[in-house]
Structures are given as structure tokens and as C-alpha cells.
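Please open the structure in a viewer and keep the selection tool at hand.

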Amino acid sequence: MTTRDASSPDEVFELAESSRTAADDVAGDHGEKSALGTTVAAALIRGGKAVPSALSTSLRWLRKTFTEPDPVHAAKKNSSRRLTPQTVAAPEDPAVADLVNTLILDAHARGASDIHIEPRFDQCVQVRHRIDGQIKAAGELPWKFHRAVISRIKIMAVLDIAERRKPQSGKIRLNQWTDLDLELRVEIYPTIGDVEDASLRLLSPSAQRTLEKLDFSPANLAAMKALMRQPAGLFLCAGPSGSGKTTTLHGALGHIKDQNIKILTAEDPVEITQPGLRQLQVNRKAGVTFADVLRSFLRCDPDVIMIGEMRDFETASVALEASLTGHMVLSTIHTNSAVETISRLLDMGLDPYSFSDALQAVLSQRLVRTLCKACRAPSRNSATLLATLQKEYGSDTLFRTLLSQSEEELCEPRFDPCPECSGEGYRGRAAIHELLVLDESIRKQIMARNNVSQIREAAVASGMRSLKQDGIEKILAGRTTLSEVNMNCMR
């Protein structure tokens with residue numbers, strides 16, 4: 001059999017079929033395992049070059065499927081089913097189940113936080129991963145699998161496989177299907193072309209981290225621990241989706257939980273579970289909203305309440321009432337900065353006097369990619385970079401103090417072949433923070449309903465460090481780069 005290049009998944013299957021025919025002649029009529037996986041690999045490799053990454057997923061499926069015994073072929077060689085690109089796969093097919101499991105396990109092994117399965121107009125199904133906040137192509141699947149894969153995911157997430165006209169949400173517990181203890185949040189949504197896309201968020205049950213492991217500066221860490229010891233009040237964590245807000249709140253709850261404190265949480269969905277917390281998932285379809293759950297919580301004698309998100313006036317007003325009646329209330333909100341959070345809640349209609357009295361602090365955060373420790377290199381323009389950092393930091397005195405305390409050298413990505421980061425230059429992410437702790441001067445600004453600029457000036461005078469300043473501190477520690485910090489901070 002001659003070898004040739006395969007530029008599409010369908011051509012892979014054509015090569016697989018020809019390879020299977022050759023392997024069948026060797027295996028005989030006994031259903032023995034053939035070396036077809038090796039034969040296919042040889043057919044796809046030319047001139048010593050590795051299989052293109054876009055075909056890796058399809059090739060893994062081929063190896064898994066065609067190296068197993070074929071009882072039908074063993075019984076009736078002449079009537080064995082031939083695989084063609086036009087054959088339609090079924091969701092109950094074991095090969096489809098193995099394919100979906102492999103897609104998830106592969107994404108987990110690569111450190112992906114999300115999997116996106118997207119049928120395209122060119123009769124191919126693209127698979128993409130979000131790794132360290134960046135979308136990356138992970139492979140392609142043959143068109144024949146696009147409905148079967150989506151249906152299989154619906155089955156695993158206990159969704160309606162017949163419903164294809166509207167989005168559906170669900171959750172997969174992977175330990176029911178594999179040996180890996182992993183949860184996935186599933187979103188299925190229809191797109192043009194009479195197809196459906198799938199987005200899967202990987203939620204590790206062990207994702208809960210302590211405050212000490214959340215990249216806080218020493219000053220912010222001490223302030224966070226002091227805030228969590230407050231008997232009552234409102235603490236908010238702000239930032240865009242995927243910035244680690246829920247992880248931070250669970251780290252705070254993990255710091256204070258013990259047998260003498262009753263902690264209730266209302267989340268949508270429950271992404272992180274930890275013992276010692278009583279957790280409830282909001283269900284809007286059943287009429288269970290954040291505000292309804294909060295009202296119920298107030299009758300359950302809690303010490304600490306966590307709300308997954310403060311997104312409307314009703315939820316915010318009930319949370320404010322809870323914080324003023326002797327409860328510590330923690331929540332998240334989608335705003336760009338700590339100071340803008342105050343303005344947003346006042347614009348919702350909260351009473352400025354009650355709000356200023358209840359609010360203890362606002363934490364704004366982002367995630368920046370960190371340099372790969374295995375291949376990072378010293379900066380080649382340290383003097384120029386230091387001058388830029390000093391200008392961006394804004395305070396020459398504080399910057400010189402930080403510089404004198406720094407024991408690390410400035411680093412930059414090298415982008416050379418590296419087994420740890422695959423030549424990306426970055427591996428993993430770290431949080432940068434902006435912690436606004438209220439004092440009397442800031443409370444007066446809130447009661448007077450002053451604008452964002454005036455509140456920010458009061459916060460900086462009280463010692464608040466901005467997101468960019470915290471990011472620059474991590475640059476001086478050799479952990480990230482200025483381009484990453486600028487990409488995640490408001491100008």
C-alpha cells in the first residue's frame with residue numbers, strides 16, 4: 001500500500017478503510033486484533049513528519065476503534081460494514097462514547113478550562129480549547145460525527161436530545177463515565193446551518209484554594225484576612241467572567257469556616273464544593289432566584305452568606321438588608337474596577353447612606369498569564385523596561401521602594417521549543433488585585449454620591465493599589481510581562 005498525505009479528516013478515513021482492508025487479510029477470519037493503528041499512522045506520516053495536530057483527535061479515534069476485535073467481521077467477513085465518510089454515526093455507538101470521553105480527557109490533560117465543539121460550513125467539526133485564557137485550535141472531527149457527538153454530550157448531561165431549537169444547560173459528572181473525578185458545565189446552543197455547538201467548562205472538584213495561594217500581595221492578604229474576621233458587612237468581588245471571582249470567594253470562605261460558623265451559599269451554578277458549607281443552586285426555570293433564596297436564608301440563622309452574583313436591584317437590596325442585620329455577605333459583580341462597583345450599585349438605586357454603612361470592601365481582579373519557569377529568559381532591555389514600568393506605576397517613591405525590595409530579575413518569554421509550555425512562553429495564570437477597603441473619607445464620598453474620579457482619589461489617598469500597580473509588582477517579581485498586564489487592565 002502506498003503512502004500519501006491526508007489533508008482532511010475524510011481523507012484520514014479513506015486511508016483507514018484501505019488500511020483496514022489490508023489488515024483484514026492478515027488478521028483472517030478470527031476477529032484478531034490487527035496493527036491497523038500503526039498502519040494508519042504510517043499512511044499519515046510522510047518524510048518523517050509527525051501527524052498534523054488538526055488530525056490528532058481523529059487519529060486517536062481510529063486507533064481506538066479499529067484495533068479492537070470486530071465480531072461481525074469474524075462471523076461474516078464478506079458482509080462486514082465498511083466505514084465511509086458519509087456513514088452517519090449514532091450517539092449510542094461505543095466508538096462515539098469513546099470519542100467524547102477522549103475529547104474531554106485530552107482537554108483536561110492539556111490544562112484547558114473550556115472545550116468548544118463547533119460544526120463549520122466546510123463540512124468539518126472544529127474542536128477548540130481555552131488554555132490560560134487563550135482560545136487554541138485542538139483538532140477537527142469528521143462531519144459524520146457532528147450530530148452524534150452533540151447528542152452524546154446531551155445524554156451525559158441529562159438533556160433533551162430531541163430539542164434542537166433552543167439552548168440547553170446541564171452538568172456532567174465524568175466519574176460516571178471514566179475514572180477521572182471531574183465535573184463539566186455544559187451549554188448546547190443552535191447555530192445557523194441547522195447545527196448545534198457545544199461549550200463545556202471543566203470544573204475540578206478540588207479547585208478550592210486557600211487565600212495564601214491566590215497571589216495576593218502581603219498587604220492585600222493581611223487586609224483580606226482582617227476583612228473576613230468582620231462580624232457583619234458586605235464584601236464584593238468584581239471582574240469579568242472567568243477572572244476567578246468565585247475561586248476567590250471560596251478561598252475566603254475556606255479561611256473562616258469552622259464548626260462554630262454557619263455558612264450558606266446560593267450559586268448559579270455551584271462550581272466549587274467544599275465541606276462545611278451548605279450550598280444551594282439557583283434555578284430560574286423553577287422560579288428560584290437569588291433574591292428568593294436570600295430571603296429564605298435570612299430565616300435560617302446563618303452567620304455568613306455568599307451570593308453567586310449581584311446582578312439586579314432586588315438581589316442587591318436584599319443583600320444590603322442582610323448585611324445590615326448582623327450577617328457577613330459576600331458576592332460577585334461584573335464591573336471593571338473596585339471604584340466603578342460603588343457607582344454601579346448606586347445607579348441601581350441603593351440608598352447611599354445604608355450602602356456606605358454596610359459596605360466593607362470591594363476587590364477587583366483579573367488573571368494574567370505567567371511566564372514558563374522552564375524557559376523564561378532575563379530581559380534584554382532591562383533599563384528601558386524599568387523606565388517604562390516606573391512611568392506606568394505612577395508613584396516614583398513607591399516604585400523605588402518596590403524595586404529595592406525585589407530580589408528577582410526582569411524576565412521575558414523565550415518562545416523556544418519547550419516541553420513545559422509547548423513553545424508558548426507562558427504557562428499558568430496569576431491573579432492581579434485592586435482592593436478598596438472603605439474608611440470614613442470614602443464613606444463620605446459615597447453618601448455625597450460623588451463621581452468615580454473623586455472616589456478613586458480618596459481610595460488612592462487611603463492606600464489602594466490599582467490593578468496595574470499590582471501587576472507591575474508581579475512583573476518585578478519575574479512572574480509576568482507588561483504586555484499581559486496592559487492587556488487585562490483598563491487604560
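**Before starting**

This is a predicted model, in which local features need pLDDT of at least 70 and side-chain atom pairs count only at pLDDT 80 or more, while totals for chains, interfaces and linings use all residues. Residues are numbered from 1 along each chain as its sequence is written, and side-chain values use heavy atoms, with hydrogens and water left out.

**First stop: H5 and H6**

Select helix H5 (residues 94–109) and helix H6 (residues 146–156). Helices (H or I, at least four residues) and strands (E, at least two) are DSSP runs, numbered from the N terminus. The axes of H5 and H6 come within 10 Å and cross at roughly 75°. That angle makes H5 roughly perpendicular to H6. Axes here are lines fitted to C-alpha atoms, for helices over the stretch in contact, and angles run from 0 to 180 degrees between N-to-C directions. Angles under 35 degrees count as roughly parallel, over 145 as roughly antiparallel, 65 to 115 as roughly perpendicular and the rest as oblique.

Next, display the side chains between the two helices. Val96, Ala97, Leu99, Val100, Asn101 and Ile104 in H5 meet Ala148, Val149, Arg152, Ile153 and Met156 in H6; contact means heavy atoms within 4.5 Å. By class, this contact of H5 with H6 has 9 nonpolar, 1 polar and 1 charged residues. Ala, Val, Leu, Ile, Met, Phe, Trp, Tyr, Cys and Pro count as nonpolar, Asp, Glu, Lys and Arg as charged, and the others, Gly among them, as polar.

How many of the residues of H6 are buried? In H6, 9 of 11 residues are buried, and the helix is mostly covered. Buried means under 20% relative accessible area, exposed over 50%, and partly exposed in between (1.4 Å probe, protein chains only). The buried residues of H6 include His146, Ser151 and Lys154. After H6 comes Val158, with a positive phi near 55°.

**Second stop: His129**

Select His129, which is in strand S2 (residues 124–131). His129 counts as buried, at 2% relative accessibility. Leaving aside residues up to four places away in sequence, His129 touches several others, among them Asp106, Arg110, Asp114, Gln134 and Lys136.

Move to helix H9 (residues 290–297) and helix H10 (residues 313–324), whose axes come within 8 Å and cross at roughly 15°. H9 is therefore roughly parallel to H10. The crossing of H9 and H10 is left-handed; a crossing is left-handed if the near helix is turned anticlockwise from the far one by less than a right angle, and right-handed if clockwise. Phe290, Ala291, Leu294 and Arg295 in H9 meet Glu314, Thr315, Val318 and Ala319 in H10. The contact of H9 with H10 has 5 nonpolar, 1 polar and 2 charged residues by class.

Select helix H14 (residues 396–405) and helix H17 (residues 467–476), which pack at an angle of about 30° with their axes 10 Å apart. H14 is thus roughly parallel to H17. The crossing of H14 and H17 is right-handed. Phe399, Leu402 and Leu403 of H14 make the contact with Ile472, Glu473 and Leu476 of H17. By class, the contact of H14 with H17 has 5 nonpolar, no polar and 1 charged residues.

Why is H17 largely enclosed by the rest of the structure? The reason is that 9 of the 10 residues of H17 are buried. The buried residues of H17 pack against H7, strand S12 (359–371), helix H13 (382–393), H14, S15 and helix H18 (482–488). Gly478 follows H17 and has a positive phi, near 75°.

Asn220 lies in helix H7 (residues 218–228) and counts as buried at 12% relative accessibility. Beyond residues up to four places away in sequence, Asn220 touches His433, Leu435 and Asp470.

Then select Glu434, in strand S15 (residues 426–437). Glu434 is buried, with a relative accessible area of 6%. The C-alpha atoms of Glu434 and Asp470 are separated by 7.3 Å, and these residues are 36 apart along the chain.

**Last stop: the cysteines**

How many disulfides does the structure hold? The structure holds 0 disulfides, a disulfide being a pair of cysteine sulfur atoms within 2.5 Å. Select Cys375 and Cys421: the sulfur of Cys375 is 3.6 Å from the closest cysteine sulfur, in Cys421, too far for a bond. Cys375 is buried, with a relative accessible area of 3%, and Cys411 counts as buried at 11% relative accessibility.
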